[in-house]
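Open the model in your viewer and keep the selection tool at hand.

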Amino acid sequence: MIRQSPQNPFLPTDGIHNLRDYGGYAAADGARVKNGLLFRSGQHMEASDADLELIHSLDIRTIIDLRGTSERTSFPCRRHGDFNAQVIAFDGETSNSPPHEGGGGAIAMTAEKARNRMLAVYTRMPVNPAMIDMFTSYFNALDSRDGGSLVHCFAGKDRTGIAASLLLHVLGVHRDDSVAEFMRTNDAPTREILERQSLPRMEAHYGTIEPEALLNLMGVLPEYIATYFAEIERDHGSIDTYLAQTLGVDEARKARLRDRFLT
């Protein structure tokens, strides 16, 4: 992973999991992805007043909320008193449940079952109409709106991780660095926030959860993102073809995004 500096990309928070800047990577033509414009995180339901002040200070003018309607209703985000960003969201469900959770009653959740459940999420994501709609909206917003943006879902790791990885690909970041950015979720210093928000509901679904299974559900593995890319490359030949034909990111849009987000 090649960053502009060894600085920690995570921003300190009390109630937001996995808030970080995903700029700084080496990109096309010797350029780098700008810092201070591209942010990602989990949901903001438990954001403290200090967290809201931090978000406000970042000049985030667009929030892309990848959660579905039921998630947004059950876990409404707190907002700063002077909040005036545009929130882009999907009218409907983007997932049957947060990808790291599940349904179907209590089962013994082993590490292998957890891994397979997550791989199924990444296998479906390239053809999920709601996610196609939201990733299209994400690129539309980045192409048309000024100021900083923040993309988030429930945990800020699966749907959000793919959104960030797709943009980094468009900006010419090497695949290894895109994967490294995806994997940085496992370094987030706020794991206890996600456990507080998720673990009781996960245990209601699954019963006993083995420690390694919990890591597979609440963190990420390299094969998660590899599965997403492999599905696209099998069906479309390349990520670039998928971006152009499915998400509307043609060469002209790529050029505009690189002009805006590279330095």
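Start with the rings: there are 5 aromatic pairs. Rings of Phe, Tyr and Trp (its six-membered ring) pair if their centres lie within 6.5 Å; planes under 30 degrees apart count as stacked, over 60 as edge-to-face and the rest as tilted.

Select tyrosine 122 and tyrosine 224. Their rings are stacked, at 5.4 Å centre to centre with 20° between the planes. Now show the helices. Tyrosine 122 belongs to helix α3 (residues 111–124) and tyrosine 224 to helix α9 (residues 222–236), so this pair ties together parts that are 102 residues apart in sequence. Helices (H or I, at least four residues) and strands (E, at least two) are DSSP runs, numbered from the N terminus. Both tyrosine 122 and tyrosine 224 are buried. Buried means under 20% relative accessible area, exposed over 50%, partly exposed in between (1.4 Å probe, protein chains only).

Move to tyrosine 138 and phenylalanine 139. The ring centres are 5.2 Å apart and the planes stand at 65°, so this pair is edge-to-face. Tyrosine 138 is buried, at 0% relative accessibility. Phenylalanine 139 is buried too, with a relative accessible area of 0%.

Tyr122, Phe182 and Tyr224 make up one aromatic cluster.

A word on the source: this is a predicted model, where local features need pLDDT of at least 70, side-chain atom pairs count only at pLDDT 80 or more, and totals for chains, interfaces and linings use all residues. Residues are numbered from 1 along each chain as its sequence is written, and side-chain values use heavy atoms, with hydrogens and water left out.

Next, select arginine 175 and phenylalanine 229. The charged end of arginine 175 sits over the ring of phenylalanine 229, 4.0 Å from the ring centre. The rule: NZ of Lys or CZ of Arg is within 6 Å of the ring centre and within 35 degrees of the ring normal.

Now the loop between β5 (148–152) and α5 (159–170), where alanine 155 is found. Alanine 155 is buried, with a relative accessible area of 3%. Lysine 157 is in the loop between β5 and α5 as well. Lysine 157 is buried, at 1% relative accessible area.

What does the side chain of lysine 157 join through a polar contact? Aspartate 158, side chain to side chain, at 2.9 Å. A polar contact is a pair of N or O atoms within 3.5 Å; within protein, one must be able to donate a hydrogen and the other to accept it, and residues adjacent in sequence count only if both atoms are side-chain atoms. Finally, show the backbone of leucine 217: its oxygen lies 3.0 Å from a polar atom of the lysine 157 side chain.
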